[in-house]
Amino acid sequence: MKPTWIASAVLILLLLAALPLSFQLWPAPVPLAAAVDGGQRIGGPFELQGPDGRRVTEQSFEGQWLLVFFGFTRCADVCPTTLVQIAKLLDGLGEQGARLQPLFISLDPERDTPEVLAAYTRFFDERILGLTGSPEQIRQVADAYGVYVRKVPMGDTYMLDHTGSVYLMNPAGELVSLISPQRTAADAAREISAALAQAGNG
Ligand code: NI
């Protein structure tokens, strides 16, 4: 009996010792865009690639509200969850949703080609537009939005630790609201609906 007991104790100790390690390996909760309270202006011009490989800039969406979200298609957690929430909130907005263009901007341009992104966003909702670009273009737009991103090695591959917030931008290109990934779709839809209503039909 005694050796078994010792073996169990050793196993439990090993499991306990592995806990902090597993927390490090698991993508940590990502901080909200830190830049917002840093006085930095969020948003601005960008040049990216659409699903058909065509050039897309901020001017491609004149008169539209934008819901901007950054991520990558191999994300195991925050991205798929948030895209499901975005699809739900678009449904919640009903006709008002037509004034809103959701953008999913890849932080992983090496792996997220326009085709990969298009297939991915379509899976969640046809209305979500996936944008990618050169590493320089992605860096530029991520910086403009104060997005935090860090490569995390995982065996012979990597994941990305990144900002999970969703940016609501008005047609003037100004940040109206930063929607935390913890918000429910219904709650976010209410806030966006109020912002759209307040801005009138313009
Ligand atoms: Ni993600």
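The following dialogue examines the terms used to describe this predicted model.

Trainee: What kind of model is this, and how are its residues numbered?

Mentor: Residues are numbered from 1 along each chain as its sequence is written. The model is predicted, so local features need pLDDT of at least 70 and side-chain atom pairs count only at pLDDT 80 or more, while totals for chains, interfaces and linings use all residues.

Trainee: What is the average pLDDT of the chain, and where does pLDDT stay under 50?

Mentor: The term pLDDT is the predictor's confidence in each residue, from 0 to 100. The chain averages 86, and 79% of the residues score at least 70. Over residues 19–37 pLDDT stays under 50, and the model has 30 contacts beyond four places in sequence for that stretch. Where pLDDT is low, the predicted coordinates should not be read in detail.

Trainee: How many helices and strands are in the chain?

Mentor: Helices (H or I, at least four residues) and strands (E, at least two) are DSSP runs, numbered from the N terminus. By that rule the chain has five helices and nine strands. From the N terminus on, their order is α-β-β-β-α-β-α-β-α-β-β-β-β-α.

Trainee: What makes E4 and E5 a pair of strands?

Mentor: Two strands pair if DSSP finds at least two bridges between them. Strand E4 (residues 100–106) is joined to E5 by three bridges, and the two run parallel; by the rule of at least two bridges, they therefore pair. Leucine 103 stands opposite leucine 129 in E5. E3 and E4 also run parallel, joined by seven bridges, with glycine 71 opposite serine 106 in E4. E8 and E9, in contrast, run antiparallel over four bridges, and leucine 168 stands opposite serine 177 in E9.

Trainee: Which strands form the open sheet, and why do E5 and E9 stand at the edges?

Mentor: The open sheet has five strands in the order E5-E4-E3-E8-E9, with mixed pairing. Strand E5 (129–131) and strand E9 (175–179) each have a single partner strand, so one side of each is left without a neighbour in the sheet. Neighbouring strands of this sheet are turned by 25° against each other on average, direction ignored.

Trainee: Why is E4 described as largely enclosed?

Mentor: A residue is buried if 20 or more other C-beta atoms lie within 10 Å of its own, exposed if 12 or fewer, and partly exposed in between, with C-beta atoms placed from the backbone. Six of the seven residues of E4 are buried, so E4 is largely enclosed by the rest of the structure. E6 pairs with strand E7 (residues 157–162) in the antiparallel sense over six bridges, and the bridge partner of lysine 151 in E7 is leucine 160. In their hairpin, which has two residues between the strands, glycine 155 takes a positive phi near 60°.

Trainee: How do you know that aspartate 125 is partly exposed?

Mentor: Aspartate 125 has 16 other C-beta atoms within 10 Å. Aspartate 125 lies in the loop between H3 and E5. Two residues are in contact if their C-beta atoms, placed from the backbone, lie within 7 Å. Not counting residues up to four places away in sequence, aspartate 125 touches Ile86, Ala87 and Leu90.

Trainee: What puts the buried residues of H3 on the same side?

Mentor: The buried residues of helix H3 (residues 114–124) are Leu117, Tyr120, Thr121 and Phe124. They cover an arc of only 90° around the axis, which puts them on the same side of H3. The arc is that of the directions from the helix axis to the C-beta atoms. These buried residues pack against H2, E4 and E5.

Trainee: What is meant by a nonpolar core, and how many residues has the largest one?

Mentor: A nonpolar core is a set of buried Ala, Val, Leu, Ile, Met, Phe, Trp, Tyr and Cys residues joined through C-beta atoms within 7 Å. The largest has 40 residues, and those with the most contacts inside it are Leu67, Val68, Phe69, Ile86, Leu103 and Ile105. Its largest share, seven residues, comes from H2. Leaving aside neighbours within four places in sequence, phenylalanine 69 is in contact with Thr82, Ile86, Leu103, Phe104 and Val166.

Key: Axes fitted to C-alpha atoms, helices over the stretch in contact; angles between N-to-C directions.
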